[in-house]
Amino acid sequence: MLLHFKRKLKRPSPCSALSSLLKPTFFASLSLQYQSPNPSFTSSAPQFDNNQTRLKAIPSCSNPHAESTCLTPTYSNYASLLQSCIARKAIKPGKQLHAQVCLAGFGFDTVIATKLVNLYCVCDSLSSARLLFDRIPKHNIFLWNVLIRGYAWNGPYEAAVQLYYQMFDYGLVPDNFTFPFVLKACAALSAIEHGREIHEHVVQTGWEKDVFVGAALIDMYAKCGCVGSAREVFDKILVRDAVLWNSMLAAYSQNGHPDACLSLCSEMVLTGLRPTEATLVTAISASADNAALPQGRELHGLSWRQEFESHDKVKTALVDMYAKCGSVRVARNLFERLGVKRVVSWNAMITGYAMHGHATEALDLFEEMNRVAKPDHITFVGVLSACSHGGLLEEGWMFFETMIRDYKIDPTVQHYTCMVDLLGHSGRLDEAYNLIMQMKVVPDSGVWGALLNSCKIHANVELGEIALERLIELEPDDAGNYVILSNIYAQAGKWEGVAKLRKLMTDRRLKKSIACSWIEVKNKVHAFLSGDTSHPLSDEIYAELERVGGLMKEAGYSPSTGSVFHDVEDDEKANMVCSHSERLAIAFGLISTPPGTRLLITKNLRICEDCHVAIKFISKITEREITIRDVNRYHHFKDGVCSCGDYW
C-alpha cells in the first residue's frame with residue numbers, strides 16, 4: 001500500500017513530446033556536438049581518443065562484402081557507452097552521445113535517460129541534468145535518487161529537499177538510497193525540522209535499522225547539534241558496521257563531547273570491530289581537544305598495531321594531538337617523518353607552535369612551507385596567532401597585509417580576532433577598535449571578547465563597556481563577560497559599576513563559571529576547585545602548599561591580591577589566591593609523582609596574574625617543569641621562567 005506523505009511542492013508539468021527534447025535551443029544549452037551514427041558500427045565497447053573529449057571513430061565491419069548485414073548502434077551499445085562516460089566523467093563525448101541517443105529514438109527510454117542524468121550529475125552539470133530530468137518520464141526511483149544525490153553533493157541543497165517531497169506526487173516511495181542523499185542535504189542546511197520529518201518517513205518505510213540510513217540520520221542530527229537524537233538512532237541499530245560507529249564518534253567529537261567520543265571508541269574496540277582510518281582520526285582529534293595525552297598515546301599504539309603507521313592522515317592527527325597535549329617536540333618529530341606533507345599537516349604543526357607561544361619556530365616553519373606548498377586561510381590563522389602569543393606586532397601586521405595582497409585571501413573573523421588580540425595586548429586599543437569597525441565581515445563574540453580581555457589588561461573602562469554591550473547582544477548568557485568588566489570597574493575603583501553588573505547578573509540568573517583544574521596521575525584524573533577540600537589527600541595537599549609557600553616567600557614571592565575583589569581582609573585575600581585550583585593540582589602532583597617528573601595541568605579558565613608569578617617560583621624551587629593549559633594557550637614553566645615571556 002502506497003504511503004501518503006505531506007506534499008511540499010506542486011508538480012511541474014513535464015513535456016511529453018520528443019520534438020521538445022530535440023529543439024535546437026535544448027541542444028544549444030547543452031553545447032552538444034552532434035556526430036551522425038556510423039552505419040557500420042559493430043563494437044559495443046566504448047572508445048575515446050587520448051584527451052577524452054571526443055568519441056573515436058567506430059570501426060567498420062571486418063567483412064567488406066557483408067556491409068548490408070552490419071548493425072547500426074544498438075540499445076546496449078548506447079547504454080554501455082554512457083556507462084563508460086559516467087565512469088570517466090567524460091562530459092564532452094557524453095554530450096555527443098546524448099545527441100545520437102535522441103536521434104536514434106531512445107531519448108525517453110527510462111534506463112538511457114537515467115544514465116544521461118547521472119552523467120550530468122557526476123560531471124557537476126546539474127543545470128543540464130535538471131533540464132533533461134524535467135522532460136522525461138519520472139516513474140523510476142533511481143532517476144530521482146541520482147538527481148537528489150547530485151544536489152546533495154554539489155548544491156543547491158534546498159533543491160535536493162524540494163525534489164524529495166516532489167517525488168511523492170509521482171506515487172514513488174523513498175528507499176534506502178534516497179534517505180542518505182536527502183539527509184545529507186538537510187545536514188548541510190542544518191534543516192532540523194525537515195530532518196525530523198524525514199526521520200519519521202524512515203520509520204514508516206522500515207529503513208530505521210539500515211546502517212547507511214542510520215549513519216545519515218546520525219550525521220544529520222550531529223550537524224544540527226542534536227547529539228542526544230543521534231545517540232538514540234545509534235542505540236536502535238543493533239548490527240553496526242564501522243561506518244555507523246564512525247558517524248557516532250564524529251557526532252560526539254564535532255559537538256564538544258570528547259570524553260564521550262573516547263569512551264565510545266573504547267566500546268567499539270571491545271566489540272572486536274577493526275577501526276578504520278576515520279575511526280582513529282576522529283578519536284585522536286577528540287584526545288587533542290580534551291588534552292588527554294594518555295588516551296592519545298593509547299590510540300597511537302593502536303594505530304601501529306592495526307598497521308596504520310603509514311597513513312599520513314593518521315600521522316597528521318597525531319601531530320595535532322601531541323601539540324595540543326603539550327608534547328610539541330614529539331609532534332615535530334612525527335611531522336618530519338610524514339611521507340607527504342599536506343597543507344593540513346603544515347597547519348597542524350604551525351598552529352601547535354602558536355599555542356605554545358613558540359612564535360619563532362612557527363614563523364620559521366611557515367617560511368619553509370612557503371617553498372613547497374601554498375598556505376591557506378587556516379595557515380594564516382596559525383601564523384597570526386603565533387604573532388599574537390609572541391607579541392610580534394610589526395610581523396603580525398606584515399603577515400596580515402601579505403595574506404590579503406599576495407595570497408588573495410579575504411580575512412575571516414578568526415584572522416581579525418588574532419589581530420585585535422595582538423593590537424590589544426600591545427596597548428593599541430584604539431587601533432584594535434578601529435580595525436573592528438573596518439571589518440568586512442560581521443564581528444563575532446571572539447572578536448569582541450579579545451577586545452574586552454585587552455581592556456582588562458590595560459584597565460580601559462570606556463572600550464570595555466562598548467565591548468560588553470556588543471557581547472551581551474551576541475551571547476547574553478555568558479557570565480564570564482560580565483565578570484571581566486566587573487573586574488575592570490573594580491581595578492578602577494568604580495564600585496557602583498561593580499554593583500550594577502552584579503545586580504544585572506542576579507536579575508538574569510547568571511552565575512560565574514567555577515574555576516576548575518585537573519591533573520592526570522597514574523591514568524586517573526584528579527579535579528580541583530578553588531579552595532577545594534574534598535580530595536582524600538586534602539590535608540597532605542595543603543601541607544605541601546604551605547611548605548612550598550614558605551620557600552617561595554624566602555625566595556622573594558609576595559602574593560598579589562589584585563584579582564580578588566571581595567570585601568575581606570588582606571590576609572584572607574592572600575589565602576584565597578594561594579588556594580586557586582591550579583595550585584591545588586600542582587601540589588597534588590608534587591606529592592604524587594617522583595622528583596623531576598613533568599606536571600601537566602589543564603584549567604577551564606584563564607590563569608590569573610598571581611598564579612602565573614607563583615608557578616614560576618614553584619618551578620624553580622622544586623626543579624620541575626610545569627605545563628599549564630588554560631582556556632587560551634599553553635604556559636611552560638621551567639627554572640623560574642614561562643614560555644610566554646609574561647605576555648599572555
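**Entry 1: α10 and α11**

I started with a helix pair and found that α10 passes α11 in a left-handed crossing. This is a predicted model, so I keep that in mind for everything below.

Then I listed who touches whom. On the α10 side I got I192, G195, R196, H199 and V202, and on the α11 side V213, L217, M220 and Y221. Sorting the residues of this α10 and α11 contact by type gave me six nonpolar, two polar and one charged.

**Entry 2: α25 and α26**

Helix α25 spans residues 445-458 and helix α26 spans residues 461-474; their axes come within 9 Å and cross at roughly 150 degrees. With that angle, α25 and α26 are therefore roughly antiparallel to each other. I checked the hand as well, and the crossing of α25 and α26 is left-handed.

For the contact, α25 supplies S445, W448, G449, L451, L452 and C455, while α26 supplies L463, G464, I466, A467, R470, L471 and L474. By type, the residues of the contact of α25 with α26 come out as nine nonpolar, three polar and one charged.

**Entry 3: nonpolar cores**

Which residues touch the most other members of the largest nonpolar core? I get V117, L147, Y164, M248 and L451, out of 160 residues in that core. Helix α11 gives the most to this core, with nine residues. L451 also turned up in my α25 list for the contact with α26.

I followed up on L147. Leaving out residues up to four places away in sequence, L147 touches V117, C121, L126, A129, R130, F133 and L163. V117 is itself on the list of residues that touch the most other core members.

There is also a second, separate core of 27 residues, and L599, C608, I615 and I628 are among them.

**Entry 4: whole protein**

I zoomed out last. I counted 32 helices and six strands in the secondary structure of the protein. How much of the protein is buried? Buried residues make up 51% of its 648 residues. I also looked at sequence separation: taking contacts between residues at least 6 apart in sequence, 65% join residues at least 24 apart.

Methods: Residues are numbered from 1 along each chain as its sequence is written. This is a predicted model: local features need pLDDT of at least 70, side-chain atom pairs count only at pLDDT 80 or more; totals for chains, interfaces and linings use all residues. Side-chain values use heavy atoms; hydrogens and water are left out. A crossing is left-handed if the near helix is turned anticlockwise from the far one by less than a right angle, and right-handed if clockwise. Helices (H or I, at least four residues) and strands (E, at least two) are DSSP runs, numbered from the N terminus. Contact means heavy atoms within 4.5 Å. Ala, Val, Leu, Ile, Met, Phe, Trp, Tyr, Cys and Pro count as nonpolar, Asp, Glu, Lys and Arg as charged, and the others, Gly among them, as polar. A nonpolar core is a set of buried Ala, Val, Leu, Ile, Met, Phe, Trp, Tyr and Cys residues joined through side-chain atoms within 4.5 Å. Buried means under 20% relative accessible area, exposed over 50%, partly exposed in between (1.4 Å probe, protein chains only). Axes are lines fitted to C-alpha atoms, for helices over the stretch in contact, and angles run from 0 to 180 degrees between N-to-C directions. Angles under 35 degrees count as roughly parallel, over 145 as roughly antiparallel, 65 to 115 as roughly perpendicular and the rest as oblique.
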